[in-house]
Amino acid sequence: MGMGMGMGMGMGMGNDLADVLVVGAGPTGLVLAYDLARRGAAVRIVDRSPAPPRTSRAKGPNARSLEILDDLGVADEVLAAGSDPLPMLKYRDRLPVAETDPWADSAPSPDAPYDRGRLIAQWRLEEILRDRLAGYGVRVELGREVVGLTEAADGRHADVTFAEGRTERVRYVVGCDGAHSSVRKLLGIGFEGTTAEDQVMVCGDVDLAEGALDRTRWHQWFDEDGAVMLCPIPGTRTGWWFQAGPERDGRGRPLAPTADGFRRLLARHTALPGRTLTRAELLSTYRVNVRMADRFRAGRVFLAGDAAHVHAVAGGLGMNTGIQDAFNLGWKLGLVLAGHAGAELLDTYEEERLPVAARTLDLTSERLRATLEAIRRPGGGLDAAITSDTTGLGVGYRWSSLARVHDEAPRPDETPRHAEAPRPDETPRPDKAPRPGDGSPGSPQPGDRAPDAPCVDAVTGAGTRLHRVFAGPHTTVLGFGPDSAAVLREVAAAYGDAGVRTCRVYAPHEGGARSGPGTAVVDDEGHAAAAYGTEVLSDTHTGTVIVVRPDHHLGLSAPADDAGSVHAYLRRLHGAGRPRNGSPALVDAARKG
């Protein structure tokens, strides 16, 4: 596997064999560890830092990441700890010249209840995730630095060497350890791209004197000779994110950030005296890096988040792309470790996420260009970086080998095709993709994000929604129309114990007993049928069955009379299931790989 720095002689070998070792305890690593833990995997997570970092860096989850956090059961806590994105007040020559609310025309919709992201300090988000992870008995092992990786001779494990000299054996390793990833370097994976040395920003967390600025606005001063941006940090009374163009020496080289330097920048660009800034910490210099790993996997080791890709800060997609990497990988590792899916399922992580990363690099570079152009004019600001693309709601995987239309489902004896990943410029653009069925205009296609929809629990009459049905570590099979009932019964019998949930979606006019295996909901206002393109059912087509992957993407949409396609798709993810005679199916132990 080409991994450097192997085991040293005489080093101790850990006795407890973990399924997955997550390296790096930022948002990407914590989301992955939490998702694996709730799936019953033996997961460990380590971080080289001696204590949890107290950094605010990323400003919070976007709309798609909020859906993921909702699935994980932490969205309410994140919403309570954060705030809505703020209107932006723009200044020129110290005077306010414009105010813009990028979300003024946005509102939640039945298929997307989160129409915008949330402002929250990164340390607070990490704290929430660490606390939930501890509920599964998993705690971040701090002060542990990985210095060696070797694939075991049996090809079924990886040996990980730590700085203290201890070597431990695990089944899989995931490097979530940032742009300077030790895991990536040990693997010898290239990280090609560019660093724009002339595009520099100094950053930090600061305190301003109470009442110095209106905390309901994100203040942005853009002058011809520099800029200062101050955004209030939710959950604090006087804390702000500080970003600015750096001070420079006589030769035009950027100076390192200091508290006094921040005070000088504040006095130069704003109407506030420098002494208004009472504290400055976590100071850093940011340079625009646009880089992507050559591959996201080497044998039993994966890369996710900044370890796999870094890009311009415009649009706020760094942390969010990492969270979405983790949500894509977690369920696949979970199914392979449980012995349901073959190890080839893990190939689809890179197949799906590498093109998304490439597209994100292009998108953020374009948004940075647009922002730099906008701030040259009075009234321009960071709102230029925000588009519908940056919500993450349009990201899908139509090119994936896991995205199937019903008439191309393999026969049981066929090996599923492996689709060639698109070039970066072929990655489906969020603003070009149809709304997430059946191939009709406006309906979602396999690979697309599965839309949400408000509905009513058929048993209790309580309000619920489809994303609540999807939530948790399982695949969901939705049935629309009367003929879907038979397929749902077969699926429940074969896969009810293997991580598959069925849900019958009743139209308001459907009468009779609303009972059967799994969950049942009533699409009382027709939002689910509209979202999935199942509104019109002909005399010969009275049902549709849709398979929703654990990460809320469509895997398959098929007529209800094509049960074979549904079973073939589920076999790929969940194995043979339970035969119709009711006896447990045999699972090939080798698939536990």
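## Glutamine 324 and helix 7

Glutamine 324 is found in helix 7; helices here are DSSP runs of H or I with at least four residues, strands are runs of E with at least two, and both are numbered from the N terminus. With a relative accessibility of 10%, glutamine 324 counts as buried (buried means under 20% relative accessible area, exposed over 50%, and partly exposed in between, with a 1.4 Å probe and protein chains only). Leaving out residues up to four places away in sequence, glutamine 324 touches Asn62, Arg64, Ser65, Ile68 and Arg353, where contact means heavy atoms within 4.5 Å.

The model is predicted: local features need pLDDT of at least 70, side-chain atom pairs count only at pLDDT 80 or more, and totals for chains, interfaces and linings use all residues. Residues are numbered from 1 along each chain as its sequence is written, and side-chain values use heavy atoms, with hydrogens and water left out.

## Nonpolar cores

The largest nonpolar core has 105 residues, and those with the most contacts inside it are Val20, Ile45, Leu69, Leu149, Val174 and Leu333. A nonpolar core is a set of buried Ala, Val, Leu, Ile, Met, Phe, Trp, Tyr and Cys residues joined through side-chain atoms within 4.5 Å. Helix 7 (residues 318–337) supplies the largest share of this core, 10 residues. Another core, of 18 residues, lies apart from it and has Leu208, Val228, Phe262 and Ala280 among its members.

In soluble globular proteins, nonpolar side chains tend to be buried together.

## Helix 1 against helix 4

Helix 1 (residues 27–38) and helix 4 (residues 122–134) pack at an angle of about 20°, and their axes are 10 Å apart. Axes are lines fitted to C-alpha atoms, for helices over the stretch in contact, and angles run from 0 to 180 degrees between N-to-C directions. The two helices, helix 1 and helix 4, are therefore roughly parallel to each other (angles under 35 degrees count as roughly parallel, over 145 as roughly antiparallel, 65 to 115 as roughly perpendicular and the rest as oblique). Helix 1 passes helix 4 in a left-handed crossing; a crossing is left-handed if the near helix is turned anticlockwise from the far one by less than a right angle, and right-handed if clockwise.

On the side of helix 1, the contact is made by Pro27, Leu30, Val31, Ala33, Tyr34 and Ala37, and on the side of helix 4 by Gln122, Leu125, Glu126, Leu129, Arg130, Arg132 and Leu133. These residues of the contact of helix 1 with helix 4 divide into 9 nonpolar, 1 polar and 3 charged. Ala, Val, Leu, Ile, Met, Phe, Trp, Tyr, Cys and Pro count as nonpolar, Asp, Glu, Lys and Arg as charged, and the others, Gly among them, as polar.

Helix 10 (residues 484–495) and helix 12 (residues 563–574) pack at an angle of about 25°, with axes 11 Å apart. That angle makes helix 10 roughly parallel to helix 12. Helix 10 passes helix 12 in a right-handed crossing. Val487, Glu490, Val491 and Tyr495 in helix 10 meet Ala563, Val566, His567, Leu570, Arg571 and His574 in helix 12. The residues of this contact of helix 10 with helix 12 divide into 6 nonpolar, 2 polar and 2 charged.

Threonine 475 lies in strand 20 (residues 475–480) and, at 0% relative accessibility, counts as buried. Not counting residues up to four places away in sequence, threonine 475 touches Gly499, Val500, Arg501, Val547, Val548, Pro550, Leu570, Leu573 and His574. The C-alpha atoms of threonine 475 and valine 548 are separated by 6.0 Å, although these residues are 73 residues apart along the chain.

## Two further buried positions

Alanine 81 lies in helix 3 (residues 75–81) and is buried, with a relative accessible area of 17%. Not counting residues up to four places away in sequence, alanine 81 touches Ile120, Arg124, Ile128, Pro234 and Gly235. The C-alpha atoms of alanine 81 and isoleucine 128, 47 residues apart along the chain, are separated by 9.4 Å.

Glycine 175 lies in strand 8 (residues 167–175) and is buried, with a relative accessible area of 0%. Apart from neighbours within four places in sequence, glycine 175 is in contact with Val23, Val183, Phe302, Leu303, Ala304 and Ala307.

## Positive phi values

Arginine 94 has a phi near 75°, a positive value in a residue other than glycine. Arginine 94 is placed in the loop between strand 3 (88–92) and strand 4 (95–100), and counts as partly exposed at 40% relative accessibility.

Leucine 282, which is not a glycine, has a positive phi of about 55°. Leucine 282 lies in strand 13 (residues 277–293) and is partly exposed, with a relative accessible area of 39%.
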